Amino acid sequence: MDLSLLALSPPGWGGVLLAGLFSSLQLAVGGYLLGLVIGIGGASGKLYGGPIVRDLLEVYTTLVRAIPELVLILLLYYAGTDLVNQLMHLLGLPSMDISGLAAGIFVIGVVQGAYSTEVLRGAIKAIPAGEIEAARAYGMSPLLTLRRVTLPAMLPYAVPGLSNLWLIATKDTALLAVVGFSELTLVTRQAAGSTKHYMTFFLAAGALYLAVTLVSNVIIGMIEKRARRGMVREA
Amino acid sequence: MIKDEATILPAYKPPKARSLLEPHRLFLMAVFAGIFACAVIYMRWDWLPKYQDRLIAGIWQTLVLLFTTAFFGFLLAVPLGLAQVTGPRPLKWLANGFCTIIRGTPLLLQLWLLYYGLGSLFAQFPEIRQSFMWPYLRQAWPYGFTALMLSFAAYEGEVMRGAFAGVPRGELEAARAFGMGRFTMFRRIWLPRAIQRSLPTLNGETVLQLKSTPLVATITVVDTYAVISKVRQDTFLTYEPLLLLALIYLILTGILVAGFRFLENRIPSRGA
């Protein structure tokens with residue numbers, strides 16, 4: 001194995017790999033946050049919305065969870081960019097180039113949103129009903145209740161599921177290699193292809209992904225500890 | 001006070017089973033049927049008959065990959081789970097490390113590592129090139145199969161670890177009290193009980209595995225996804241083939257879920 005290939009400056013490909021890792025992380029963070037926003041909306045809709053909203057959300061979560069991420073990513077990537085351009089056209093604006101990053105974040109966010117909807121719905125249902133009723137009895141508006149009571153109270157129940165989703169998000173970014181977005185996996189393949197040192201580069205990329213997972217695990221452990229403070233410790 | 005509250009609270013009523021025929025659902029179904037009809041009428045589907053046979057072969061390939069990798073992956077998951085629960089320390093570390101590494105890296109990367117990495121490595125050794133295995137090792141599917149199997153084994157191995165650890169101690173002690181040897185106890189009590197406990201998660205894992213199978217198309221295995229990609233290249237259509245692909249996977253997932261539910265209902269269990 002030739003480790004000088006992994007050097008950071010141009011004859012080595014290390015810098016390129018790290019840049020790929022950076023865009024992977026950008027995608028993961030962006031997609032995860034968008035997914036959380038969709039998830040909060042979706043969970044509230046599923047729990048408190050009218051019958052039509054509920055059924056539509058059910059269709060959304062079922063579809064996303066039944067169709068492979070790869071297929072969804074392709075569909076949403078093309079459909080999403082197409083839709084935006086058609087909208088621009090309708091508004092009489094010139095069509096614009098959508099950056100791969102924005103499209104990627106949108107795609108990962110929509111996929112993650114379905115899963116976080118389910119995680120958050122379960123977590124909200126685990127809150128004792130009395131706490132929410134108490135908030136209502138104090139005259140809090142639904143939004144205030146959400147911010148002050150529901151979201152903080154559901155956190156300890158949601159953290160395990162949400163941390164799982166974060167790990168899935170970091171790994172799902174690799175799928176965007178298939179639509180040609182240069183994140184870590186695609187960059188690795190290009191580096192490997194042009195130097196013919198396949199093993200070196202794929203193992204290096206694997207180590208990078210693994211490092212992300214392991215660091216995330218440490219941080220998740222700390223968050224979990226903080227979210228569970230004041231709760232009865234499990235036997 | 002508490003007693004009063006108990007009398008005031010109404011008795012728990014299970015939520016009404018909602019029927020498919022409620023008015024808003026009929027309306028939604030009509031809307032979706034309308035969208036579906038528009039898709040059928042206004043989009044281009046004339047390529048369908050030409051690719052029909054290849055599509056069916058592709059679906060068959062997907063299903064074969066799914067079931068063989070799930071089966072062999074499960075066989076590998078049992079020792080992985082067992083090693084993590086009772087194995088000697090080095091074995092425990094090994095099994096744990098394997099699960100962490102596979103679960104911590106994207107499947108696509110593992111797939112490419114095996115196909116491009118190992119593939120190019122194998123080609124360097126004349127011993128391997130001349131062995132009887134070479135005709136197989138030159139194809140793509142052994143790498144796809146291995147990657148999918150290892151991934152299933154790692155995820156399910158984690159589940160089996162929980163399942164082995166969760167078998168009540170009393171049952172194992174009872175087995176020992178009956179004078180069973182370690183192996184008999186494992187074969188008769190521990191393994192069957194652990195598998196029974198892991199069955200509900202097997203459903204979800206298999207659906208996840210189905211959703212991972214299209215990745216093998218990136219290393220030139222001709223599965224459903226690869227056939228659809230070919231259609232897209234030939235016809236320059238963007239949406240129609242992809243929508244059909246989504247529909248195919250939707251149906252496959254539905255069948256899988258229904259099948260597992262049927263099986264689960266046939267396995268006797270006492271609640272938890």
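Helices in this talk are DSSP runs of H or I with at least four residues, strands are runs of E with at least two, and both are numbered from the N terminus. With that in place, from the N terminus on, chain A reads α-α-α-α-α-α-α-α. That is eight helices and zero strands. Along its principal axes, the C-alpha trace of chain A spans about 65 × 55 × 30 Å.

Some ground rules. This is a predicted model, in which local features need pLDDT of at least 70 and side-chain atom pairs count only at pLDDT 80 or more, while totals for chains, interfaces and linings use all residues. Residues are numbered from 1 along each chain as its sequence is written, and chains are lettered from A and ligands numbered from 1 in the order in which they are written.

Confidence next. pLDDT is the predictor's confidence in each residue, from 0 to 100. Chain A averages 85, with 93% of the residues scoring at least 70. Within chain A, confidence is highest in helix α1 (residues 14-48), at a mean of 90, and lowest in helix α3 (residues 69-90), at 84. For chain B the mean pLDDT is 84, and 92% of its residues reach 70 or more. Residues 1-9 of chain B have a pLDDT below 50, and beyond near neighbours in sequence this stretch has zero contacts in the model. A contact here is two residues whose C-beta atoms, placed from the backbone, lie within 7 Å. For the complex, the predictor gives an ipTM of 0.84 and a pTM of 0.84.

Now the two chains together. For the classes, Ala, Val, Leu, Ile, Met, Phe, Trp, Tyr, Cys and Pro count as nonpolar, Asp, Glu, Lys and Arg as charged, and the others, Gly among them, as polar.

On to helix packing inside the chains. Two packed helices are described by the angle between their axes and the distance between the axes. Axes are lines fitted to C-alpha atoms, for helices over the stretch in contact, and angles run from 0 to 180 degrees between N-to-C directions. Angles under 35 degrees count as roughly parallel, over 145 as roughly antiparallel, 65 to 115 as roughly perpendicular, and the rest as oblique. A crossing is left-handed if the near helix is turned anticlockwise from the far one by less than a right angle, and right-handed if clockwise.

In chain B, α4(B) packs on helix α8 (residues 141-166) at about 120°, with the axes 9 Å apart. That angle makes α4(B) oblique to α8(B). The crossing of α4(B) and α8(B) is left-handed. Residues in this contact include Phe98(B) and Arg103(B) from α4(B), and Tyr155(B) and Glu158(B) from α8(B). The classes here are seven nonpolar, two polar and two charged.

The next pair in chain B is helix α10 (residues 182-212) with α12(B), at an angle of about 165° and with axes 10 Å apart. These two helices are therefore roughly antiparallel to each other. Their crossing is right-handed. Among the residues that meet are Pro200(B) and Asn203(B) in α10(B), and Phe260(B) and Glu264(B) in α12(B). This contact has eight nonpolar, three polar and one charged residues.

In chain A, helix α2 (residues 51-66) and helix α4 (residues 100-126) pack at about 115°, with axes 9 Å apart. This crossing is left-handed. The contact includes Tyr60(A) and Arg65(A) of α2(A), and Thr117(A) and Glu118(A) of α4(A).

Last, the records. UniProt positions are in the numbering used here, feature names are shortened, and annotations may be inferred rather than shown by experiment. The unreviewed UniProt entry for chain A annotates "transmembrane region" at residues 12-38, 59-78, 98-115 and 198-223. In the model, residues 12-38 of chain A are 93% helix and 0% strand, with end C-alpha atoms 41 Å apart. For chain B, the unreviewed entry places "domain: ABC transmembrane type-1" on residues 59-260. That span is 85% helix and 0% strand, and its end C-alpha atoms lie 20 Å apart.
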